[in-house]
Amino acid sequence: RMLKLGSRESTQLRSSALYALASLSGMLEESRKAVADAGALPVIVDLLKSDVGELRLASLACVRSLSRSVKILKTALAQAEISDPLYQLVSDPSEQIQEMATAAICNIVLEFSSLKEIILQKGGIRRFAELSYSTTKSLRLNAVWALKNIVYDADPPIKLEVMKELTYPRLAFLIRSDEEEIREIALSLLRNLAFSRRDEPHEQEVAAIFSGFGRAGLLEILQGRTPEFLPC
């Protein structure tokens, strides 16, 4: 009920209710199911479009928590038509909102999500590649994490598009980052580029990596050294 309060009602009360829902649904599947079953999602999606930044941020916290559920991701979130308002917040004027939006999208672009294709069609790959240059660590981390999830078990054309936008020099730079979290996610992205669960051989993916880094450059990365020929 508090989520449906009119514009004259307290913004703080609504944002508090949203954060409470996000907290409750953050860890337990039963709580996430209860939020979805209560019909809260359409209201949460509407609040993603709010003119009030505090409400956009709080509703994003809910989406991030709910998107941790595979079942809800496949059903309730897809039915709520969340892709458009969520993706728009990746370019919100508030960097804090951008950060929370990219964190939520990290779950939404997993390989089993029906929402993944919609995010890609909207230019998600290019946007996340751009955000990998952010000077804010958390935003940069979320962007690389999203790309990592996008390429996991993806078809070769998607992997090629990701690396066309991100580029191998940029990935090498991220792999040798001074920040441990960035390094780990960048290395996971590299692993996902080579990985495939398809029955057919995945020489195409491996060949693309060798071509992108060069044999010497890839060997230096695997040995933990900096490929000197790659620009920062």
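Mentor: Start with a term we will need: two residues are in contact when they have heavy atoms within 4.5 Å of each other. Keep in mind too that this is a predicted model.

Trainee: Okay. Which residues of helix 10 meet helix 12 in that sense?

Mentor: On the helix 10 side they are Ile125, Arg126 and Ala129. In helix 12 their partners are Ile158, Glu161, Val162, Glu165 and Leu166.

Trainee: And how do the axes of helix 10 and helix 12 cross?

Mentor: They come within 9 Å and cross at roughly 35°. The crossing of helix 10 past helix 12 is right-handed.

Trainee: Let me step back. How many helices and strands does the protein have?

Mentor: There are 16 helices and zero strands. The protein has 232 residues, and buried ones make up 50% of them.

Trainee: What about contacts across the sequence, how many join residues at least 24 apart?

Mentor: Taking contacts between residues at least 6 apart in sequence, 64% join residues at least 24 apart.

Trainee: Now helix 8. How far does it reach?

Mentor: Helix 8 covers residues 95-108, and its first and last C-alpha atoms are 20 Å apart. That is close to the 20 Å expected for its 14 residues.

Trainee: Why is helix 8 called largely enclosed?

Mentor: Because eleven of its 14 residues are buried, helix 8 is largely enclosed by the rest of the structure. Among the buried ones are Ile97, Met100, Thr102, Ile105 and Asn107.

Trainee: Which helices do those buried residues pack against?

Mentor: The list is helix 4, helix 5, helix 7, helix 9, helix 10 and helix 11.

Trainee: What caps the N-terminal end of helix 8?

Mentor: Ser94 does, with a side-chain oxygen 3.3 Å from the backbone nitrogen of Gln96.

Trainee: You listed Asn107. What does its side chain join?

Mentor: The side chain of Asn107 makes a polar contact of 2.9 Å with the side chain of Ser67. Beyond its neighbours within four places in sequence, Asn107 is in contact with Arg64, Ser67, Arg68 and Leu73.

Trainee: Different topic. How many residues are in the largest nonpolar core?

Mentor: It has 72 residues. Those with the most contacts inside it are Leu86, Phe128, Ile150, Leu171, Leu189 and Phe213.

Trainee: Take Phe128, then. What is it in contact with?

Mentor: Setting aside neighbours within four places in sequence, Phe128 contacts Val90, Thr102, Ile105, Ile119, Ala143, Ala146, Leu147 and Ile150. Of these, Thr102 and Ile105 are buried residues of helix 8.

Trainee: What about Arg32, buried or exposed?

Mentor: Arg32 is buried, with a relative accessible area of 6%; the cut-off for buried is under 20%. Arg32 lies in helix 2, residues 29-37.

Trainee: And what does Arg32 touch?

Mentor: Not counting residues up to four places away in sequence, Arg32 touches Ser25, Gly26, Met27, Ser65, Leu66, Arg68, Ser69 and Ile72. Ser69 is 37 residues from Arg32 in sequence, and their C-alpha atoms are 7.3 Å apart.

Trainee: Now the loops. Where is Asp153, and what is its phi?

Mentor: Asp153 sits in the loop between helix 11 and helix 12. Its phi is near 55°, a positive value in a residue other than glycine. Asp153 is buried, at 19% relative accessible area.

Trainee: And Thr167, where is that found?

Mentor: Thr167 is in the loop between helix 12 and helix 13. Its phi is also positive, near 80°. Thr167 is partly exposed, with a relative accessible area of 29%.

Trainee: Last one. What does Tyr168 touch?

Mentor: Tyr168 lies in helix 13 and is buried, at 13% relative accessible area. Apart from residues up to four places away in sequence, Tyr168 touches Met163, Ala208, Ile209, Gly212 and Phe213.

How values were computed:
Residues are numbered from 1 along each chain as its sequence is written. This is a predicted model: local features need pLDDT of at least 70, side-chain atom pairs count only at pLDDT 80 or more; totals for chains, interfaces and linings use all residues. Side-chain values use heavy atoms; hydrogens and water are left out. Helices (H or I, at least four residues) and strands (E, at least two) are DSSP runs, numbered from the N terminus. The expected span of a helix is 1.5 Å times one less than its number of residues. Buried means under 20% relative accessible area, exposed over 50%, partly exposed in between (1.4 Å probe, protein chains only). A polar contact is a pair of N or O atoms within 3.5 Å; within protein, one must be able to donate a hydrogen and the other to accept it, and residues adjacent in sequence count only if both atoms are side-chain atoms. A nonpolar core is a set of buried Ala, Val, Leu, Ile, Met, Phe, Trp, Tyr and Cys residues joined through side-chain atoms within 4.5 Å. Axes are lines fitted to C-alpha atoms, for helices over the stretch in contact, and angles run from 0 to 180 degrees between N-to-C directions. A crossing is left-handed if the near helix is turned anticlockwise from the far one by less than a right angle, and right-handed if clockwise.
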